[in-house]
Amino acid sequence: MKVLVAVKRVVDANVKIRVRADESGVDLSNVKMSANPFDEIAVEEAVRLKEAGAATEVIVVSCGTSACQETLRTALAIGADRAILVESNDGIEPLAVAKILRALADKEQAQLVILGKQAIDDDSNQTGQMLAALADLPQATYAAKLTIADGKAIVAREVDGGTETLSLTLPAIVTTDLRLNEPRYVTLPNIMKAKKKPLDIVKVEDFSIDVTPRLKTLKVSEPPRRAPGVMVPDVNTLIEKMKIEAKVL
């Protein structure tokens, strides 16, 4: 069973982002970039399936500039077998990514596609669902546990009322939640091994897919700063302030 995993290059989760002076977007100059944390969980789960004998090959895919090769090498160091970079210098929106992943899944004959539930840069949470719709495949989102047995993917997912368990007939699409696993620490020997693993680069134009953006960013701005808090001597004063000043009572 082949497992296809999508990985996105995003601003590192520990970096405080800055907005450009013209408010056209986020300033990415001299900013540390890394793999999307949810996608790292997806890669880890795919590698664990291979180590358990449920998968034969793990293929990681990224869409973006040539700088995404570094992100793919990290995924290879975690344990993926090979990587594919769909190179594009323009931003690719979730629908176009889903179309590309569908084409690659068909080409590779992947039985399972695993994605992070969302990317921490745009928080769209759309690609997995769009891919399932385009490919007409069963899907399970926010996976907290994944088991492969007898040609089925058994997925436990947390819902408002507790835990829901789904049985999907393969091929299928799964998106990962934080509780699915904790990605392993990437060791130096594995980083060196990853440099020798195959990484194919293809152009987005090779897919004959329209990746023209459907959305236009009008303005990006930081959230307003919170006003400093005020200490009050007692509850009665607090209630009066909430009534008169804040007008929330």
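Where in the chain is T56 found? T56 sits in the loop that joins α1 (37-51) to β6 (57-64), with helices (H or I, at least four residues) and strands (E, at least two) taken as DSSP runs and numbered from the N terminus. The model is a predicted one, in which local features need pLDDT of at least 70, side-chain atom pairs count only at pLDDT 80 or more, and totals for chains, interfaces and linings use all residues. Residues are numbered from 1 along each chain as its sequence is written, and side-chain values use heavy atoms, with hydrogens and water left out.

A closer look at T56 is a handy place to start. With a relative accessible area of 56%, T56 is exposed; exposed means over 50%, buried under 20%, and partly exposed in between (1.4 Å probe, protein chains only). Leaving aside residues up to four places away in sequence, T56 touches M1, K2, K50 and D81, a contact being heavy atoms within 4.5 Å. From T56 to M33 the C-alpha to C-alpha distance is 30 Å, and the two are 23 residues apart in sequence.

Now to the chain as a whole. The chain holds six helices and 13 strands, and its C-alpha trace spans about 65 × 45 × 40 Å along the principal axes. Of its 249 residues, 39% count as buried. Among contacts with a separation of 6 or more, 69% come from residues 24 or more positions apart. The accessible surface is about 14,600 Å², and carbon and sulfur atoms contribute 51% of that surface; the areas come from the Shrake-Rupley method with a 1.4 Å probe, and for residues only the protein chains shown count as cover.
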